[in-house]
Structures are given as structure tokens and as C-alpha cells.
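Here are my notes for your first read-through. Keep the structure open beside them and find each residue as it comes up.

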Amino acid sequence: MEPIWRAAGLPTSALADITLTGSDPVLRSSFALGTAAQVTLAAAALAATQIGAQRNGLRQQVRVDMRHAALECACGFTIDGRTPQLWDHLAGLYECGDGRWVRLHTNFAHHRDGVLRLLGLPVGAGTPRESVAAALRERQAFEFEDAAATVGLVVAAVRTFDEWDAHPQSAAIAAQTLVEIEKIGDAPQLSWPALPLDARPLHGLRVLDLTRILAGPVGGRTLSAYGAEVMLVNSPTLPNIEAIIDTSRGKLSALADLRGAQGRDGLRAVLRDAHVFVQGYRPGALAELGFAPADLATVRPGIVVVSLSAYGEIGPWGSRRGFDSLVQSATGFNDAEARAAASTQPQAFPVQLLDMATGFLIAFGAQVALLRQRVEGGSWQVRVSLARTGQWLRELGRVAHGIDAPQADSTGLMETTPSGYGELTAMRHAAEFSHTPARWARPSVPPGTHPLAWPLP
């Protein structure tokens with residue numbers, strides 16, 4: 001954790017306030033997934049205590065157990081006793097005619113139907129997996145990956161680490177820091193509301209969360225656990241998956257159609273009172289609608305803008321769509337895990353670790369930028385990407401015999417609460433604060449439950 005903390009310019013004396021327990025392996029993987037989960041979550045939690053101490057002088061101790069942090073990344077939950085189906089039946093790995101593999105992400109109907117059209121198959125949920133497999137045996141992996149990207153679909157060919165390291169996008173990512181934080185404009189220091197001693201560190205700070213799948217929502221959910229007022233803003237025309245039930249805990253949930261003037265005006269209105277703006281759309285997509293970081297800083301001088309991407313925003317894949325599972329495939333992890341397991345088929349992580357760790361880094365980076373804004377003024381941008389988080393995970397090294405580790409169990413770590421979807425049983429947040437426990441004060445609710453407006457104080 002210390003390298004991440006030092007790189008952000010935070011005081012090393014604060015590291016005395018964090019206690020990390022446990023050791024890898026806690027998940028079935030040859031990579032240090034438990035360490036990655038624990039370190040990124042702990043960094044976010046400790047950064048919250050720095051904000052709290054600056055606001056009211058209260059210095060807190062924080063404890064993060066590795067098993068708890070790793071299992072928070074498993075995203076396991078039930079609603080009214082039912083375990084949601086988070087994956088479409090066509091999603092996953094397929095062998096192509098050249099003996100290489102590709103991974104399809106078809107959780108959204110438009111992505112599924114686009115892949116089916118590209119393969120010359122009937123569109124719709126009824127297409128059998130066997131038909132997709134047969135069609136892909138007539139294609140070459142890299143050719144199909146490029147063809148899918150050209151039409152905005154989400155497909156990744158499975159590479160080895162050596163192949164990824166030789167790819168020009170790998171070089172572009174290597175030139176970036178894990179959490180990029182830069183000042184993007186002049187602005188006065190923003191005032192923060194008073195913080196009572198019994199309030200969580202981010203109480204009264206407002207966050208706009210324009211994200212959907214999984215890293216961005218986790219970042220917003222984490223900030224909410226530390227007391228921020230987080231408003232999830234969904235488009236009424238874009239689909240979601242059932243993971244939103246879990247990742248919406250603690251948040252207001254509003255709708256805004258940014259393709260229309262009314263939706264754009266509504267977003268600008270709430271932006272004027274926000275401290276943080278988190279977005280996970282394809283690089284450049286919000287800029288096309290008038291919400292580039294510079295535009296946001298014009299509307300709200302002093303804003304902290306956090307941008308999430310799959311492969312970074314520069315390089316030949318800088319505008320390419322992607323999800324955790326695809327980034328694992330493209331950057332070599334699926335191949336490496338297969339080799340560790342002596343498997344002839346690519347093998348994924350047991351959890352969406354790139355998403356989750358990046359989500360915690362979103363919360364961390366946002367808070368570091370808030371601290372800088374408070375001291376220096378200015379508007380700030382934070383950038384994170386799934387692929388850069390993956391490079392950092394590689395740097396943590398491999399775990400001997402980790403691929404054979406028994407799966408950790410979640411006994412004693414779950415909580416059951418009412419929600420707008422039904423009775424939700426899900427993981428408690430893994431960071432334990434000495435004075436103001438992390439919690440979600442609002443229940444998870446469906447998109448559009450709340451108006452696009454901040455509640456009165």
C-alpha cells in the first residue's frame with residue numbers, strides 16, 4: 001500500500017493508522033488477488049480518514065482484513081433469497097478456427113445481437129451457444145476481435161503476457177501511472193460543510209455517479225459508505241444488469257437523457273453543487289454531449305472529474321470499449337491462469353478483480369484530488385483504467401499454489417437490508433473505522449426513484 005500512498009503525495013505518517021490482516025491466497029488464483037483487493041480498498045478508506053481529520057480534527061484507525069476485502073470483490077448477493085443471473089448465456093470463451101480463443105461479452109442485448117449479426121446468425125436471446133461456437137470455428141481470433149471493435153462491439157482475443165507486452169497499447173498503458181491526477185483549471189477552494197465528530201468523513205460532500213458496470217458503481221458505492229451523498233444518474237434508454245441492485249447501495253438514483261436539452265440542463269443544474277463527477281462512458285462519449293472535463297470545470301469550477309476506461313485514453317485502443325473479463329483475456333491473465341492450472345482452455349479469475357480494485361482506486365483518487373482542491377484550489381481530473389490496474393496486479397507477483405487454494409467463505413460478513421428491489425443480502429464493507437463505521441444510509445433503489453435534484457440539507 002505504501003507505494004500507492006506515496007505516489008499520491010499523501011503523508012506517510014498516516015500509514016501508522018492502517019492495520020492490514022491476512023495473507024494470500026484467499027481466492028483460487030495464481031495472482032495476488034487478495035492483496036490487490038485489500039490494498040486498494042485500504043487506500044480508499046485511509047484517504048477518507050485524511051479528509052475527516054482535515055474537517056474536524058478526528059484521527060481514525062482503520063482495519064482491513066484480506067479475506068473480507070477479497071470476498072467483497074466477489075459481488076455475491078441475493079434478492080428475496082434469489083441469486084441473480086449476472087451473465088448472458090452466450091457470454092464467455094470460444095475457440096476459433098486458428099486454435100486461438102476469443103471472449104464475448106453479451107450481457108447487454110445490443111452487444112449480444114451485434115455479435116450474432118457479425119457472425120451471420122439470427123439475433124435474439126434464443127440463439128443457442130452451440131451455433132455461436134460453430135460460427136466462431138470459421139473465424140480467426142484477431143480478425144474477429146478487430147471486426148467487432150470496428151462496429152463498437154466488445155470482444156477480446158486471448159493473448160499471452162508476451163503477446164500483450166509487445167502490443168502498442170501495452171506500451172501506452174505502461175507510460176501511465178496507476179492513478180493519474182492532474183490539475184485541469186484554476187478555481188477557488190470549495191467550501192465543505194461542517195463535519196460533526198460522529199459523522200462519517202465524507203458527510204455533506206456530493207458525488208455524481210455516471211457509471212453502470214462494475215468498477216464505476218463500486219467507486220461511487222465506496223464513497224457513499226464513507227458518508228458522501230452519491231447520486232447515480234442513469235440514462236432512461238440504456239440497459240443495466242442486476243448487479244445494479246448491489247452497487248446502488250447508499251445512493252440516490254435519478255434519470256437524465258443527455259441526448260436531449262432537458263436532460264443536459266438537468267445534469268448541469270446538479271453539477272453546480274457537486275464536488276465529484278465520476279464517469280465510465282467510452283472515452284470521448286460525454287465530450288460529444290458537452291460534458292468533457294473542461295466543460296464540467298466551466299460549469300462547476302473546483303470539480304473533481306474521475307474518468308474510467310478499459311484500456312486507458314491514449315494509444316491505438318484508447319477509445320475501445322471493454323469490461324473486466326475482456327481485459328483479462330486481452331492482456332494475458334486468462335492464459336497465465338490456464339498455465340498455472342495446467343488447463344488447455346483459458347481460465348478467468350474467480351472474481352472481477354480488475355473491476356473491483358479499479359473501483360476502490362476511483363474512490364481513492366477522488367479523495368486525493370479533493371484534498372488537493374481543498375489546499376490548492378483548482379479543478380482536477382483523475383484517470384484510471386482496468387488495463388493499468390491489471391499491469392499493477394502483475395507487478396505484485398504470483399502466489400505459489402494459489403490456483404489450488406480453497407475458496408474462502410463469507411460466514412459472518414453478510415448483512416440483510418430492505419431495498420427497492422426486495423430483501424437484499426450482500427457483503428458488508430470491509431474497511432473498519434475506529435469511530436465512524438462505514439455504512440450505507442440509503443437502501444438500493446431502481447433507477448429513477450429520485451428526482452434529478454439534491455435533497456435539501
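1. How many residues does helix α2 have, and how far does α2 reach from its first C-alpha to its last? This is a predicted model, so take every value below as computed from it. Helix α2 covers residues 33-56, which makes 24 residues. Its span is 35 Å, close to the 34 Å expected at 1.5 Å a residue.

2. Buried here means under 20% relative accessible area.

3. Now turn to charge pairs. Side chains of opposite charge can pair when their charged atoms come close. The structure holds 22 salt bridges. One of them joins the side chains of E432 and R63, at 3.5 Å from N to O. E432 sits in strand β16 (residues 431-433) and R63 in strand β2 (residues 62-65), so this pair ties together parts that are 369 residues apart in sequence.

4. A second pair to find is E163 with R100. Their side chains meet in a salt bridge at 2.7 Å, N to O. This pair, too, links distant parts of the chain, 63 residues apart. E163 belongs to helix α7 (residues 161-165). R100 lies in the loop between β4 (92-95) and β5 (101-104). E163 is partly exposed at 30%, and R100 is partly exposed at 23%.

5. Then check R259 and D257. They form a salt bridge, with the closest N and O atoms 3.2 Å apart. R259 is exposed, with a relative accessible area of 59%. That value passes the cut-off, because exposed means over 50%. D257 is partly exposed, at 24%. Elsewhere, salt bridges with shared partners join E72, R221, D246, R249 and E415 into one network.

6. Which residues lie nearest the centre of the largest pocket? They are R212, L238, G280, Y281 and R282, out of 35 lining residues. The pocket holds about 770 Å³ of space. Three elements, α4 (109-118), α9 (215-225) and β12 (304-309), each supply at least two lining residues. Helix α9 gives the most, with three. By class, the lining has 16 nonpolar, ten polar and nine charged residues.

7. Last, the second largest pocket. About 540 Å³ of space lies in it. It is lined by 32 residues, and C75, L86, W87, L214 and Q352 are the closest to its centre. Two or more lining residues come from each of β4, α10 (244-247) and α13 (324-330). The largest share is that of α10, with three residues. This lining divides into 19 nonpolar, nine polar and four charged residues.

Note on methods
Residues are numbered from 1 along each chain as its sequence is written. This is a predicted model: local features need pLDDT of at least 70, side-chain atom pairs count only at pLDDT 80 or more; totals for chains, interfaces and linings use all residues. Side-chain values use heavy atoms; hydrogens and water are left out. A salt bridge is a side-chain nitrogen of Lys or Arg within 4 Å of a carboxyl oxygen of Asp or Glu. Helices (H or I, at least four residues) and strands (E, at least two) are DSSP runs, numbered from the N terminus. Buried means under 20% relative accessible area, exposed over 50%, partly exposed in between (1.4 Å probe, protein chains only). On a 1 Å grid over the protein atoms alone, a cavity is a set of points where a 1.4 Å probe fits but cannot get out, and a pocket is an open set with protein on both sides within 12 Å along at least five of seven lines; lining residues have an atom within 4 Å of a point. Grid points are joined across faces, edges and corners, and a volume is the space filled by probe spheres set on the points. Ala, Val, Leu, Ile, Met, Phe, Trp, Tyr, Cys and Pro count as nonpolar, Asp, Glu, Lys and Arg as charged, and the others, Gly among them, as polar. The expected span of a helix is 1.5 Å times one less than its number of residues.
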